[in-house]
Amino acid sequence: MTDPAQQLRADTEAFLAAHPPADIRTEADRLAHLEARFDAGLAAVHYPEGLGGRGLPRHLQTIVDECISAAGGPDNRPTRGVVNLGMAGPTILAGGTQEQKERFMRPLWTGRHVWCQLFSEPGAGSDLAGLATKAVRDGDDWVVTGQKVWTTLAHLADWAILVARTDPGVPKHRGITYFLLDMASPGVTVRPLRQITGEAEFNEVYLDEVRIPDSLRLGPEGAGWKLATLTLSNERSGTGTEPPRESGAPGNLFRAWRDLPQEERETGLRDAVTRAWIRSEAIRLTQRDVGIRMAAGDPPPEASALKLAKAENSKETASLLLQALGDRALEHDDGYAFTRPTEMNFDVGGLTPTYAYLRSRANSLEGGTSEVLRNVIGERILGLPREPRTDVDVPFSEVPR
Amino acid sequence: MSQNPAEAAVAFGATVASALAAAGGNARTVEQYDALVERRSASDVLRDHRARLVATGLPGLLVPEDADGLGLLEEGGAFAALVAVARAAGTVPGPDIAAPWAAVPTILRLAGADHALQAQVAAGEVRLAVADLTGTPAADRTAAGTARDTVRVVDGEESDGLLVLEPGRIRLVRDAALLPVSTFDPTRPVSTVSRASLTDDTIAGDTLAQGERADQIAVLARAAGRLVLAAELHGTGQELLRLVVEHLSTRMAFGRPLGSFQALKHRTADLWSELSLVGSLVDEAARLLEAALSTGSQSGGADGTGDGDPATTSAEASAYVAAALSLASDTVVHGGEEVLQLHGGIGYTWESPVHVLLKRAVASRVRWGSPHELRQEVAQRFEL
């Protein structure tokens, strides 16, 4: 039996020989290279055969990635493709028809298509299953009307994953259906949503009688909640790689702290900074442990705890840094210009401290509030009893809103 | 499938952990705890605990095989096993293991002590306590009314001797004048002794190491002891969490289980989340310390286990242990206080086990460096 790792290495070498990275000149060349890689089953080895992968364990992907990166080949810019790779991709693979998978997975993985996520609504955030955007069947189409919010990159997106209510007559979790939406459809309006940093990373998306063909329904009618849960659990997926010490948002604090003159590093604050260092290191090591388990299979429940700890730690370290800077933090070099970023920026290393402070406030709101995560830990991990609810067993139309 | 040494060690630790629970678990009954508090029959209870622990073979965990120990440090996974055992020890009110199972064997091994002595330690025939005079742990400092040079020794009573760590010297002192005192954590006896009496050259003692080597050994021995304390605290925290989850799941008020109220559930969830961070840091510290000890025990470098020179590896490991213990102390003491509060009035009663665990955590917090002092070591190492 051939060792799959050896086979992968050999196949990657062969692919690189047939598609030398040195020949890539333009953006079109880059995408073509990625498409050829997808067709060779080297995009994501844990994807199924014929859909960019080989049905192998996820951790083997590093073999391919390292080989290609060593040869100077391009990657698919994974940090920009969080919705593509972390949310839409896994959900389509899990719930899509063969036709849908073949149509969408390749441009999704290469980044030729930009995806966004139409989940949250002004009246449905933590209580996502309370969403009110409705989809009504009309012949071969669904007609969708409603408002979505907190949509990253909606103004650039080609496609969206969307959950809408198809049956208000049944309890809330059962009347939701999952769709794939062409963002160029008539009736889709995207407006920027200005946040406390002054810019607009997110959008509001208005859907006014937007027609979606039934062929773009993902999974059965009424099964949208289960698929949405899958999308959201993948949002917290890890890569299985070990983040370096002092990386990420908290690293800003320690670098800035060491840059301060010795006489400004007063003792009381030093203790707080060291405490933060220890916490950040414990979080990094937990992240490594969780990442290893995620690479091997599904996200463990600890992923929720990690998200909670990381969010709260980012906020604390960002705030501590402003204290360490003293009256320098009266200045705000970034200003509050109303801009619209064209990509999701995860490189927090270069953020100014005052901007980082403001942006970190969102960490415990986005991707699951800290309060919801505490419920997840309390109920799913510790097995504490659920809060009595009045909205679960009655038709959605009878739930007070 | 064959297990790697670390996995085998953890499995081994888990097996022994149940023996440990059997040995110490009874002490949670009010009568035994009362006995420990009154100290009249305390020695009997503790003697019984020790005898059962010795029977597990665990005192020899870090002792080399050729000195009749378990030789796990040679095989790999010694500290993973020690941490697994210490976590279990943290849930029960048994005697100290940080000194006799971790610090003592580390000193004897690194100092190249007589194999016969190491074998006696491994067999539990000789029990040594530790007096660490090299740092400035809180226990060393004066409290009102006590003499400035008073040193506190944990579980030194009825021991066969004291390993005294001084700057530039490690000695085995057999006739230290230990004075038993009443203790905050009744499960762990404490004695006082004057510093001068331990450092005086006229007192009889065998010198085990001197100069720079003595200091190097002290760093690793202290780290080994502290690691056990951190792992014990982690276990104590997990036990406190188990108790509070049980209480909140069963106790009804206002017509529903207490645990269904978010005000209580969220605080409990935070405890779980904090404790999981402690666990990761303790495991990493154990891994680094094992590497450092493998490097430190074989002069001329280890066979591929250490990343750099012994001094660096040792300083790095020691700093991670300090970080782990400071986080464990803060988290578990705070956790114990929270768990007491979340139990309501029951948590304040003598009958509830919460105070037994809380006292253990509060005592461990100042045993071998307070969280603040430990953070100073971390800050120094990482130039904060």
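Helices here are DSSP runs of H or I with at least four residues, and strands are runs of E with at least two, numbered from the N terminus. You are looking at a predicted model, in which local features need pLDDT of at least 70, side-chain atom pairs count only at pLDDT 80 or more, and totals for chains, interfaces and linings use all residues. Residues are numbered from 1 along each chain as its sequence is written, while chains are lettered from A and ligands numbered from 1 in the order in which they are written.

Start by selecting residues 98-110 of chain B. This is helix α6, with 13 residues. From first C-alpha to last it reaches 17 Å, close to the 18 Å expected at 1.5 Å a residue (1.5 Å times one less than the number of residues). Zoom in on B:V104, shortly before the proline B:P105, to find a kink of about 30°; the bend is the angle between axes fitted to the seven residues ending there and the seven starting there.

Is α6(B) mostly covered or uncovered? It is mostly covered, with 13 of its 13 residues buried (20 or more other C-beta atoms within 10 Å of a residue's own, with C-beta atoms placed from the backbone). Now step just past α6(B) to B:G112, which takes a positive phi of about 65°.

Next, show both chains. Their contact takes 34 residues from chain A and 31 residues from chain B (C-beta atoms, placed from the backbone, within 7 Å). On the chain A side, select α8(A), which gives the largest share, 14 residues.

Conventions: A residue is buried if 20 or more other C-beta atoms lie within 10 Å of its own, exposed if 12 or fewer, and partly exposed in between; C-beta atoms are placed from the backbone. Two residues are in contact if their C-beta atoms, placed from the backbone, lie within 7 Å.
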